[in-house]
Structure formats: C-alpha cells, structure tokens
Amino acid sequence: MAVKISTIEVLILSLALLSFGHGCYGQLRLGFYSQNCQNVENIVSKVVGEAFIKDSSIAPAMIRLYFHDCFSNGCDASLLLDGSNSEKKASPNLSVRGYEVIDDIKSAVEKECDRVVSCADIIALATRDLVTLASGGKTRYEIPTGRLDGKISSALLVDLPSPKMTVAETAAKFDQRKLSLNDMVLLLGGHTIGVTHCSFIMDRLYNFQNTQKPDPSMDPKLVEELSAKCPKSSSTDGIISLDQNATSSNTMDVSFYKEIKVSRGVLHIDQKLAIDDLTSKMVTDIANGNDFLVRFGQAMVNLGSVRVISKPKDGEIRRSCRSTCNNPLCV
C-alpha cells in the first residue's frame with residue numbers, strides 16, 4: 001500500500017535535512033560542533049598554545065579583538081574582513097592585532113572540517129583559551145558556539161566606548177548591547193593584562209580638563225612615574241601597562257581592581273570605576289573576593305552573545321576569515 005506524503009511534510013523533511021547538513025544553526029550551545037567537527041577545540045588550543053609561547057601579549061590582544069568585534073556590530077567576525085572601508089580601518093581598530101593567529105586557526109580547522117566552523121566561533125574559542133593561559137591555567141570557562149559570520153563590514157558602523165567617557169555613558173553603551181553594569185565592570189577587568197599608549201593619558205598627566213594640572217584622582221606618585229615614561233615633549237608614543245602592579249601586569253587576576261582602588265588606574269574610565277557611585281561597590285567586592293576569574297568568564301560568555309547571527313539567510317561560514325562568500329575563496 002502506497003503511503004501518501006503531503007507537500008508540507010516533504011518541505012518539513014527537506015528543511016530538517018538541510019539544517020542537519022549545515023550544523024543546525026539556530027542558537028548558541030555548548031558542543032555545537034560535536035557531530036560535524038569534533039576536534040575543533042583541540043585544534044584551536046594547539047594553535048593558540050603555540051602562539052602564546054612565542055608571544056604572551058597575544059592574550060590581551062585577542063581579548064581586545066574579541067571585544068571590538070562583538071561590541072560594534074555583534075559577534076560575527078566582521079572585524080576580520082579586509083576592505084578599503086572595513087571595520088578594521090576605523091580609527092579605534094587600527095591598533096587591533098591577532099588576525100594572523102585567527103588565520104592560522106582557520107587554516108588548520110579547514111583542513112579537517114571544510115566550511116563548518118565560523119570565524120566568529122574561532123575568535124570566541126581562541127580568546128577563551130588565551131584567557132586560560134594568561135591565568136596560569138586557573139580558569140577555563142565554557143563558551144557556547146553556533147555563530148555565523150557576517151557579510152557586511154563598514155568602518156562607519158564601528159561604535160565603541162571611549163576610555164574618556166563617564167561611567168554612566170559607558171554603561172549606557174553596554175546596556176544597548178543588553179550587557180549589564182556588572183558585565184561592564186568585569187569586562188573592563190580585562191585591563192589586568194595588556195598595555196595602552198601615552199597618548200591616551202597625556203591629558204590626565206598634564207592638562208586634566210584644561211586645568212594645566214594632573215588629574216586629581218590619580219595617585220601623585222603614579223603621576224610622577226607615568227610622567228617619566230610619557231614625557232610631555234616626547235616625539236614617540238610610549239607604551240605603559242594597564243595594571244600598574246609590575247609583578248602582575250601579565251597575569252589574569254584581581255590586581256587591576258586593587259590598583260584602581262588606591263587611585264592607580266591608568267585610563268580615565270578605569271579609575272572612574274573605583275570612585276563612581278554606580279560601580280565603586282562592585283570594584284571593592286571583586287578586589288576583595290576570590291571569584292574574579294569565574295565571573296570574568298561569565299561576562300565573556302555574555303559578550304559572546306551580543307547580536308549573534310544564527311540564521312543562515314543572514315550569515316555564512318567563510319573559508320577565509322578575511323573574505324565574504326562573495327569572494328572565490330569561499331566557494
């Protein structure tokens with residue numbers, strides 16, 4: 001006896017098979033690639049580990065890349081795309097680095113799983129592994145995957161918080177991304193590793209709010225120390241650690257919060273976290289607690305959920321992280 005199958009049933013079956021073939025993109029989840037690219041996290045860890053041994057500063061660089069990609073237009077790897085007016089050409093992104101590590105990971109993953117793993121997920125996994133390495137192996141948060149890569153990258157769409165903003169202004173930008181005040185305070189704790197340039201703090205050292213004096217919220221001893229590293233008449237843009245505890249400036253820990261509590265924050269926004277009524281208690285709690293790494297990991301997961309592309313009609317899986325699928329590299 002022949003069994004009749006309705007047109008609707010055929011359509012449902014076809015869509016199900018199509019979804020299965022493309023990894024069932026729809027929402028982020030742990031183990032997203034467990035069926036179609038089981039070894040992806042091991043591949044990422046291997047490449048990242050080798051890069052970290054060569055240069056441990058890749059950890060703060062990748063945290064920054066992850067933040068800049070997710071915060072502007074969502075976690076869609078649009079920051080990685082080349083182009084004369086792409087996101088990486090925007091002023092705040094000109095000093096972003098880490099692209100070569102992502103290229104190396106993508107090449108290694110493609111050899112095993114052709115056009116299965118998105119560049120957006122590679123950024124998230126690589127950053128997680130580098131946070132683990134920078135903490136000395138003391139933390140490893142689980143990051144859900146299932147993101148698709150974006151098809152558009154424009155410098156005009158870049159919208160990042162300035163380090164000169166107030167706490168309230170910065171919080172408003174985070175809120176627009178459905179990130180909480182708690183997320184903001186924890187994510188800025190990424191400044192416990194990494195550096196900035198003298199040009200970002202010259203006003204705090206020499207002419208705060210046009211007073212011709214240093215920022216009064218900065219420890220006078222720190223003003224003296226940083227002035228020696230960032231001379232007023234210098235022709236070079238020096239580099240200084242964001243965490244001024246020299247024994248801890250390359251380690252993921254609570255040192256950053258302890259420093260800003262005693263007026264030794266380098267960036268304007270970092271110092272304001274410790275003294276603004278909106279965030280000062282949070283800073284104290286983190287500085288005095290022992291769960292920063294766990295909480296930072298959760299904030300990084302929350303950041304990784306910002307404006308994610310999960311519908312195939314809106315995104316893609318690139319073969320090269322620097323080119324969309326309109327390019328022959330993707331076909």
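**The core and its surroundings**

The model is predicted. Its largest nonpolar core holds 92 residues, and Leu80, Ile105, Met252, Tyr257 and Phe292 touch the most other members. Domain 1 (26–160 + 304–314) and domain 2 (167–303) both give residues to this core, so the core lies between them.

Take the two domains next. Their bounds come from the domain assignment of the protein. The C-alpha centres of domain 1 and domain 2 are 25 Å apart. Domain 1 puts 25 residues into the contact, and domain 2 puts in 18 residues.

Now go to Met252, one of the core residues that touch the most other members. Leaving out residues up to four places away in sequence, Met252 touches Ile63, Val131, Ala134, Ser135, Thr192, Ile193, Phe292, Leu293 and Phe296. Phe292 is itself among the core residues with the most contacts to other members.

Three of those partners lead on to a helix pair. Ile63 belongs to the H3 side of the contact between H3 and H5, while Val131 and Ala134 belong to the H5 side. Helix H3 spans residues 58–73 and helix H5 spans residues 119–134. Their axes come within 9 Å and cross at roughly 145°. The crossing is left-handed. On H3, the contact uses Ile58, Ala59, Met62, Ile63, Leu65, Tyr66 and Asp69. On H5, it uses Ile123, Ala124, Thr127, Leu130, Val131 and Ala134. By class, that makes eleven nonpolar residues, one polar and one charged.

Beyond H5, look at Ser153. This residue sits in the loop between H5 and H6. Ser153 has a relative accessible area of 18%, so it is buried, the cut-off being under 20%. Residues up to four places away in sequence aside, Ser153 touches Ser78, Leu81, Asn85, Ser86 and Glu87. Leu278 is 125 residues from Ser153 along the chain, and their C-alpha atoms are 34 Å apart.

Definitions and conventions. Residues numbered from 1 in each chain as written. Predicted model: local features only at pLDDT ≥ 70, side-chain atom pairs only at ≥ 80, totals over all residues. Heavy atoms only, no water. Axes fitted to C-alpha atoms, helices over the stretch in contact; angles between N-to-C directions. Helix = DSSP H or I, 4+ residues; strand = E, 2+ residues; numbered from the N terminus. Left-handed = near helix turned anticlockwise from the far one by under 90°. Contact = heavy atoms within 4.5 Å. Nonpolar A, V, L, I, M, F, W, Y, C, P; charged D, E, K, R; others polar. Core = buried A, V, L, I, M, F, W, Y, C linked by side-chain atoms within 4.5 Å. Buried < 20%, exposed > 50% of the residue type's maximum accessible area, 1.4 Å probe, protein only. Domains from an automatic or database assignment.
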